[in-house]
Every structure is written in C-alpha cells, then in structure tokens.
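Here is a short note for a colleague opening this structure for the first time. Please read it alongside the display.

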Amino acid sequence: MSLKREQIVDALKKIVGEDHVITDEQVLKESSVDRFRRFEAYHGVYRLPLPAAVVNVNSSQEVAAVIKFANENKINVVPRTGHSATEGGLETALENSIVVDGSGMNKIISIDTYNMQATAQCGASLQELDDRLREQGYTTGHSPQSKPLAQLGGLVATRSIGQFSTLYGGIEDMVVGLEAVFPDGGITRIKNVPRRAAGPDIRHVIIGNEGALCYITEVTVKIFKYFPENNQFLGYTLDHMKTGFEILREVMVNGYRPSVARLYDVEDGSYHFSHFAEGKCVLIFVAEGVKPIADATATAIEEIVARYDQCQKVDPKLIERWFAHLNWDPANLAEEKTEIIETKNVCNTTEISGNWSIINDIYEVCMQRVRNEIPDLTLLGAHSSHSYLNGTNLYFVYFYNVVDCRPEEELTKYHLAIKKIIVEETIKAGGSMCHHHGVGKHRTQWIEAEYDSSYYILKKLKSAFDPNGIMNMGTIIPLEK
Amino acid sequence: MIFKGILNGCSSNIVAQAEELNGFMREHLSCGDNVGSTIAFYSKKEEKNALLGLVPTESVELVRVARYQPENILEALQTVENTEKTDLYLFPSGYAGSEIAVRWACRMKGSSLVQVKQIECSGAQLIARKTVYANHVLGTFKLTKRPYSISLAKGCADSQAITIRDKRIVTEYDLTGLQKDQFIKHSKWIPSETTQDLEAATFLIIGGRGMQTKENTQSLKKIADAMGAAFGVSRPVAMSAWAPMHRMIGVSGAITKPEVCIVAGVSGTAAFYAGIEKSKTIVAINTDIRAPIIKAADVAVIDDYKAVMAELAKIVLS
Amino acid sequence: MNILVCFTTVPDVEMLTDEDWLFDKNLQIDTSFLKPTLNSYDESALEMALTLSDASESVKVPLELTALTVAGSGATTILKTLNALRFKRVVRIDSHDDLRFRPIAIASILTQYVLKHAPQDVLLLGRQTRIGENARTHLLAAEMLGWPCVTQAIRIELVDRNHLMVTSQMDDGRLRQRIQTPCVLSIGDAPNTYMRVPTLKDRMCYGKRPIETLSSKDFQLSDETEELIGLEVIHHKRAGILIEGKSPEEKARKLYEGHLKRSVRVQERLAKI
C-alpha cells in the first residue's frame with residue numbers, strides 16, 4: 001500500500017524538521033520541471049505530477065535517512081542541487097515524488113593546494129568555488145555556461161563539461177573522490193588517490209548517473225594552477241564548416257591542448273559575431289597555461305590555420321570580450337521569461353558527438369533535414385566546442401516561433417521533433433546522441449539504440465543499485481509501459 | 001543675459017515645475033547681469049491666480065490657450081516673442097518642455113539642448129551639461145547660436161519655493177482661438193496618476209525584474225503599502241506591464257530623492273540609477289553579488305528579496 | 001500610406017566594465033568589440049510599423065514600409081533581418097562620420113530623403129538613442145519638413161488612408177488622437193514592443209533582397225548648432241557594505257537594526273500607519 005501525500009509529508013517532517021519540508025504549491029509546480037519545459041512553465045502550465053514535497057537537506061545523514069525512507073516505501077526521489085538542468089532530468093515522472101534539494105549543503109570543505117584537490121558538498125556553487133580558487137591563483141578548470149547557477153552535485157551527476165575542457169577535461173577527468181548515498185541508505189565514500197587499478201573505476205558508476213542510481217553528497221575535484229595573464233585569444237573567419245573540422249582535427253591530433261577550440265557555423269556565428277563575421281563561419285581558440293606552453297600552443301595554432309587560405313584573422317580583443325560575457329547571467333535569465341512570453345520565440349539545443357570521419361556528414365544531414373522538415377524556425381545553427389583526439393562534439397542551436405500551438409504542444413511540435421532528427425541521424429552515423437547534457441527524460445526512447453549490446457551493463461547497474469525503482473525514475477532508462 | 005522661463009500651467013505638476021525652474025534660475029542665473037522673466041501658459045480661467053503665485057520672476061507674460069497642444073503653443077510663442085532680445089529660453093523638465101524647446105529653437109534659428117543639468121554663461125556662448133551614454137557619462141556642449149533654448153533635466157536643481165510676492169503682468173494674451181492643430185481630428189485625454197508621489201517620497205521601495213512576475217510585483221507593492229513606503233519599479237517591469245508606467249523610476253520616469261530607498265531585484269543600470277542617486281541611504285537586495293547596484297548602494301543584502309522583505313515587514317510592523 | 005521608420009544600432013554599453021569606460025582625446029570610446037544592438041526605442045518603432053502592416057489588409061489601407069538607417073556597413077545584419085520581416089524597402093545611407101551627437105545632420109538627411117527620394121506620409125522614429133540621448137532628431141525633422149509632430153507615442157492604429165489613431169504617454173496621463181498625415185511620430189516607452197523574429201524561410205525568401213545604399217555625401221548636411229566639448233564618466237559608487245547572515249531572515253534583522261531603525265523617515269512613516 002503506497003503512502004498518501006500527507007503521510008509522506010509528515011514522515012519527512014519528522015526526519016528533517018518541519019522548516020525544511022516545503023509544500024507551497026508554486027514551489028511544488030516549479031519543482032516538477034527544469035529548463036526543458038520552460039516554455040510551458042513560463043505560461044503557468046505544469047503537466048507533471050506535483051511532488052509530495054521539496055525537502056531541503058543539510059547533511060549526508062539527512063540525505064540517507066530521506067532516501068532510506070523513500071526506498072522502504074517505494075517513493076520516487078528526484079535529487080537536485082542547482083536546478084539548472086536542461087533535459088528534463090529533474091522532472092517528476094511519478095506521483096508523489098520527493099524532490100531532495102541539496103543546495104543548502106553548500107560548504108567548501110577544503111582547498112588543498114599541495115595535493116591540488118578541493119573538496120566541497122554537493123550544494124556548493126561552482127562559481128563560488130572557482131572564484132575562491134582564483135583569488136589564490138588556482139582554478140577548477142570547469143566552466144559550463146550554467147556556472148553562475150550550477151552546483152557540484154548536479155555537475156557530477158550529469159557528466160557536465162565546461163568551456164575549457166579541451167585543456168582541463170570534462171568533469172570525469174576532474175573528479176578525484178566522491179561521497180554518495182545509495183537507495184538502501186548506505187553512505188559510500190571513494191577516497192582521494194591519484195590513480196588505482198584495484199578493480200574497475202567505480203567512480204564512473206556515480207559520475208553521470210543523473211540521480212538514477214544514487215545521491216551525490218560530496219565531491220573532491222582536482223585544482224589547477226591558473227595563469228590568466230598568459231591567455232592568448234585567437235579568432236578566424238572562414239567559409240566552410242568542413243575546413244573548420246579539419247583544422248580542429250589538425251590541432252588535436254598533433255597534440256596541442258588549447259583550453260578552447262570552437263567552430264561556429266554561419267547561422268550560429270551570426271547570432272554571436274555579426275559585428276565581425278557576417279556570413280562566415282568562425283573559429284575560436286584560447287591558449288592557456290604557463291607561458292611557454294600557452295605561447296607555443298598559440299604559435300602552433302596560428303601556423304596550422306595559416307595553411308588554409310580561406311581563414312582570415314580577427315582582432316583577439318573581440319574574442320576576449322565575447323568570451324567574458326558568455327555565461328548565463330541571473331538577470332538575463334529573469335528577462336528571458338518576459339521575452340519568451342512576448343515574442344513566442346524560443347531557443348533550444350541538442351548536443352551530440354562523433355568521430356572526425358563522420359562529424360561533418362552528421363552536421364550537413366541534420367541541418368538539411370531540420371531546415372526542411374521543421375516549421376517556424378528563425379535560427380538554425382551549430383557549433384563544435386569540445387574536441388578530442390578522435391573526434392568532436394556538435395551543439396545544435398535552434399530558435400523557433402511557437403505558432404498556432406498551445407504551450408503544452410510546443411515541445412512535441414518543435415523541440416522534440418528536431419531532437420528526433422538529430423538523435424536518429426547521429427546514432428545512424430555511429431555517433432553519440434548525448435555529448436554533455438545527460439539523457440534526462442527525453443532521450444530515453446533512444447537509449448537502447450545508443451548502447452546497443454552494451455545496454456546490458458547499464459540496465460544491470462540500475463537493477464543492482466535501485467531494485468525498488470525509486471531513484472529519479474524515467475531518467476536514462478525509460479519507464480516501463 | 002536676458003532669459004525667459006516658460007511655465008506650462010496646463011500641466012498638473014505646475015508647482016513642482018515652477019519650484020524646479022526657480023531653483024535652476026537661482027543656481028545658475030542669479031548674477032546681476034542676468035535679467036529674467038516668465039512666459040506662463042494656462043488654459044482654465046480659474047487657475048490664473050494660482051499660476052501667478054507660482055511665477056518665479058517679477059515680470060510675467062500670461063498666455064491663455066485652449067489646452068497644451070505643441071503646434072499651438074509654438075504659434076503662441078511666436079506671437080508673444082516677436083523681438084530678438086531674449087538670449088536664453090528655459091523650458092520645464094518632462095516631455096512637453098523638451099519638445100517645445102527644440103522646435104522653438106528651430107523656428108528661432110538658435111541652439112537647443114534637452115534635459116540639461118547645468119549651464120555656464122561663458123562670454124558669448126552658453127555651456128550646457130547633460131547626461132549621455134545612458135547616464136554613464138556627463139557631456140559638455142557649447143551652444144553656438146542665440147537664442148538658446150534648453151529644457152531642464154528632472155531633478156537638476158534643488159527645487160525652491162517661490163518667494164517673490166508681487167508680480168508684474170507685462171502682457172496678457174488670449175490665444176485660445178489658435179488653430180495650428182487642424183491635423184488632429186479628434187482627441188481624448190485619459191488622466192492617470194503622475195510620478196509626483198514617487199518624486200516626493202521620503203521612504204521608497206523599488207522592485208526590479210528580479211521579481212519575475214506581475215503577481216510578485218503586486219505582492220511587493222502590498223509590503224510597501226503596509227510599511228508606509230512609496231512603491232516604484234524599474235523600466236523592465238513597467239515595459240512588461242507588470243506595473244503602470246507612472247511607477248517607473250529612472251531617466252525616463254521618476255527622479256526621486258528619498259531618505260531611505262530599498263531596491264529589490266534590480267540590477268542597477270546607470271539609467272535606472274539616475275532615478276535614485278539623490279537618495280540618502282540606498283539598500284540593495286539582490287541574489288547576484290556582481291550586480292552593478294551592489295557597489296552603488298550604501299548597504300547590500302545578497303539573498304532572495306522575498307524572504308528578506310517579508311521578514312523586514314514583520315519586524316517593522318511588530 | 002508610406003511609412004518610413006528611421007532606426008539606429010548602438011553598442012550595448014551595459015557590457016562595458018569599469019575599466020572600459022575611457023574616452024580618448026577625440027572624445028571617442030572603444031566599443032568595437034561590443035555586439036551592436038537595435039536602439040530600444042527604434043525597436044519599438046519598427047515593431048509598431050510591422051503591427052500596422054498586420055492590420056493593413058483588414059482595414060483595407062495599403063501600406064508601404066521603409067526602414068532607413070544612417071550608418072556604416074556594420075548595420076548589414078539588422079538590415080537583412082528587416083528585409084526578412086518584409087519591410088518593402090530597406091535603406092542604408094552610408095556614413096562613417098561620428099553621428100553620436102549630430103541630430104541636425106540626421107534630420108536633414110531624413111528630410112531630403114523624404115522630399116527628394118521617396119515621398120512618405122509618416123516618419124516614425126524612436127525618441128532618442130541610448131548613446132547620444134539627443135532626443136531632438138524627430139523634432140528637427142518635423143520642423144524641417146513643416147509637418148506636425150506627435151511625441152511619446154506608445155500605440156499607433158490604422159484608421160484609413162490618411163489617418164492614424166495615436167496614443168501618447170504624457171507626464172500626467174494618456175492622449176489619444178486621431179491625426180491626419182503627413183506627420184512625424186516619435187516613440188516613447190511603449191510596453192510589449194519587442195520586435196518579432198523572422199523565420200528561416202522568410203530570411204531565405206525575403207532576406208536576400210537588395211539593400212538600397214546611398215551615400216551621406218549625396219546629402220546636404222546642415223551644421224550642428226551644439227558642439228560637444230567634453231565627456232566625463234560618472235562613477236556611481238557608495239560604501240556597498242554587505243550584510244552577512246545565515247538566513248535571509250537574519251540578514252533582514254541586521255539590516256533593520258543596523259541601518260533602518262534609526263532613520264527618522266522610517267519612524268515617521270510608521271507613526272502614520
């Protein structure tokens with residue numbers, strides 16, 4: 001017999017105290033969604049089951065007690081910290097879920113500049129941590145666009161990646177050790193060591209689990225020495241994406257690690273760089289680190305680019321300035337709501353990855369299909385922002401007018417329809433449908449196609465760690481019909 | 001310098017207008033070489049005496065018109081000012097003053113500048129200062145052609161009550177029959193509240209786009225009402241129609257000078273700040289420590305304004 | 001009815017950091033790295049013109065919209081967008097001069113364009129730019145053309161071939177007037193006038209139409225009667241004391257105890273409640 005809402009709320013109040021259990025209706029509505037459903041949410045439409053409560057937790061022990069209670073009573077739990085997710089990962093797919101909010105666990109526990117590690121609770125703000133480190137001449141190296149809002153728990157749970165990843169890596173390269181709570185209420189700690197071969201790397205059960213296996217309560221990340229004074233900004237305009245991919249590949253396979261290596265197509269470029277790149281693709285690099293390395297990287301990139309006639313150099317100051325204003329600004333986000341409601345023009349994204357040999361083909365076929373099959377588009381473009389030895393990502397960006405369509409129909413008519421094209425073409429070509437936002441709840445329908453025979457491993461993890469099916473159900477693995 | 005102040009007696013804020021003009025004249029034109037008089041427009045007969053009391057100079061030309069209508073006002077000025085003796089015309093702050101100032105200067109083939117904060121008479125030329133670059137910069141201009149027509153910036157001078165008792169009416173005109181407005185086939189006036197309450201407020205609470213919704217705007221207003229404070233909003237809030245335009249604070253709205261000003265959820269652009277820069281104490285509440293308002297406030301609280309204001313109201317009202 | 005909307009793009013100066021606010025001896029500031037944006041009042045004017053165009057079929061008044069800017073080639077992107085939004089004509093009057101504080105020059109160009117190049121019934125402009133804040137161009141143009149000028153327009157409706165219904169926001173109320181063209185209208189703070197966004201299809205069909213380009217040298221520019229002689233950055237800085245606390249409630253209490261309690265005005269106000 002499942003518990004009623006009031007019973008759940010009462011039990012939670014006994015565990016964390018009345019003040020930390022929120023049942024205000026507007027808060028519950030907003031806690032049933034994340035940025036994926038923002039169009040309908042801005043219009044006051046909330047279609048998902050309201051959670052029974054939002055619980056503000058203040059310690060790993062509280063997290064454990066809440067999750068154990070949920071597990072014993074088969075109640076769905078949605079782990080949350082910064083609430084900046086974009087793929088529906090924070091949506092409450094089941095009735096009477098408990099949203100467990102760890103943003104109050106915001107302590108930066110230690111900064112160890114000898115062992116180059118920083119430890120913080122799951123609710124610690126990345127911006128705050130990085131600002132604190134930078135004051136001392138260090139950095140996490142992690143800078144996603146959501147940095148002003150995002151917190152460590154969510155950043156690790158989604159396998160996030162930042163703007164400087166080409167040098168510093170994604171979150172998976174930065175995590176040293178972790179603490180997490182599993183559905184049985186057990187608090188597990190993975191210690192901080194530089195490397196080990198004592199069985200499989202179990203950190204990777206936790207990193208990227210999107211709350212479907214456990215609740216991350218504490219994270220230790222590497223820190224890096226930071227030399228912003230050595231930063232070198234390089235920008236070029238060019239004619240063809242294909243050439244841009246070739247240049248990115250040249251840079252990567254020859255062993256250079258600029259912190260930023262970005263390629264924008266004409267449309268996406270026009271949105272950001274119309275003041276200097278009208279009708280052109282744009283390549284951007286940032287070389288970072290100790291001076292000899294930063295200089296050598298910049299010089300090498302300039303030499304590589306110089307071999308391609310179509311590339312025209314751009315004033316580095318323009319690139320530097322643009323970069324300084326790229327991150328989400330809380331004030332801009334507040335304005336977004338008004339603009340979206342008034343203009344009925346929405347921006348969404350889908351990010352994928354693929355090896356060098358397939359990436360340009362994926363780009364071209366997706367652009368063509370989306371342009372032809374989707375109505376009311378006002379902008380359709382893409383950029384590559386994270387490159388590797390063997391390939392790169394593509395971040396498709398699209399704006400559309402919501403025409404003749406109720407708020408609750410917007411996703412089906414536009415965003416999901418576009419996503420379907422991009423996901424299917426990418427998987428068909430052999431790429432991955434999710435580069436860094438996480439599967440969330442809306443790419444689950446393709447998860448078996450994404451994994452193919454290795455889906456076995458993913459499914460077993462879920463059934464092993466969450467046998468009662470209480471951890472963020474509907475995420476990564478689709479709900480059983 | 002021979003100067004003339006223009007008063008728009010058809011406007012409901014005539015007292016503030018007159019005191020502002022008076023303050024400006026005392027601050028910038030009080031030296032002996034300057035001789036000033038006033039041209040005062042009005043439309044209702046019964047308002048004439050009150051208007052006379054507000055004239056900031058000894059001599060005045062009274063002009064009755066049907067209503068405030070720019071083309072007719074300009075024609076009226078052409079009738080009244082039929083010589084070239086006047087060097088400088090001072091028009092009131094606000095949109096009416098600015099539009100007449102510029103068009104008058106054109107007709108008189110002189111220089112004009114609107115929303116002027118300060119002037120200096122330097123020999124043959126007039127130097128005037130006004131804000132540019134969205135209130136980030138003070139621009140200094142040299143006006144080269146007489147007569148100079150300028151409109152005042154709101155709050156440019158300390159308003160001063162009119163102390164001159166005896167006025168000399170130089171001439172009185174009845175120009176109610178002017179018909180330069182024939183292009184207007186029909187007109188309807190819908191009065192609304194003015195920004196005067198905000199401009200006179202001593203305790204002010206302002207909400208910005210951090211309030212996020214119309215409902216939140218109304219809630220914050222309720223708190224302001226309960227605490228006895230006037231309530232204003234930043235431009236984005238007014239432009240989203242979450243609050244009426246007359247509550248807007250900033251260069252294109254009210255210029256306030258409260259003793260205490262609490263600013264919640266406002267990022268604090270320079271154009272907004274012009275509306276509160278004369279406050280004695282500015283308290284900013286914002287979740288973003290890097291918002292420009294934080295460094296420009298006396299005291300700041302980095303937190304959710306709703307919780308802070310709710311608690312503040314509780315304390316103040318207990 | 002022929003409607004000419006005159007607009008300008010301006011750098012978004014709110015993006016400048018404290019260190020960027022530096023004028024050189026020519027009274028110039030480097031804003032080249034800032035993305036140009038449509039001046040907000042002009043954006044309202046453009047959207048209001050498009051709204052009139054939406055109504056033209058039902059009111060049976062054929063409308064021809066022209067968008068014009070006096071600018072260098074940096075305005076090309078926005079001009080293409082306006083083409084895509086189906087402005088009938090999109091005009092750039094090429095100029096590399098410093099036009100920040102030259103409303104007389106702009107007004108004379110507009111006047112000559114209307115009188116010699118393309119007759120118009122309505123001239124629509126935003127009230128002022130964020131940079132020059134001159135707030136004079138529309139008034140000067142009206143005087144030069146000998147046309148009436150209605151300012152502070154926040155709403156414009158099509159009545160018939162020769163008349164518009166214009167609502168203006170005045171200092172103490174709203175004035176709704178049915179006016180006969182020709183006229184100059186300037187746009188004030190008009191709520192809910194973000195400019196619409198063209199679809200990709202419209203951009204492909206209409207966005208590539210030619211942009212009429214003229215040179216400012218083909219126009220007689222009258223001299224300005226006001227000369228810029230100085231620019232001084234205003235720094236708005238106060239103590240900025242941060243109130244610390246574990247909760248918003250604690251911070252509110254500290255705020256009250258430390259800074260508001262003693263305020264005479266607050267006490268006076270409370271006494272009145």
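The points below cover a sheet, a core and a helix.

1. This is a predicted model, in which local features need pLDDT of at least 70, side-chain atom pairs count only at pLDDT 80 or more, and totals for chains, interfaces and linings use all residues. Residues are numbered from 1 along each chain as its sequence is written, while chains are lettered from A and ligands numbered from 1 in the order in which they are written.

2. Start with the sheet in chain A. Four strands form an open, mixed sheet in the order 1-2-4-3. Helices (H or I, at least four residues) and strands (E, at least two) are DSSP runs, numbered from the N terminus. Strand 1 (21–22) and strand 3 (77–80) of chain A each have a single partner strand, so one side of each lacks a neighbour in the sheet. Two strands pair if DSSP finds at least two bridges between them. Strands 1 and 2 of chain A are antiparallel, over 2 bridges. V21(A) has V55(A) as its bridge partner.

3. V55(A) also belongs to the largest nonpolar core, of 127 residues. Such a core is a set of buried Ala, Val, Leu, Ile, Met, Phe, Trp, Tyr and Cys residues joined through C-beta atoms within 7 Å. V55(A) is among the members that touch the most others.

4. Now helix 15 (residues 356–373) of chain A. Its buried residues include I359(A), Y363(A) and V370(A). The face turned away carries exposed S357(A), Q368(A) and N372(A). Buried means 20 or more other C-beta atoms within 10 Å of the residue's own, exposed 12 or fewer, and partly exposed in between, with C-beta atoms placed from the backbone.
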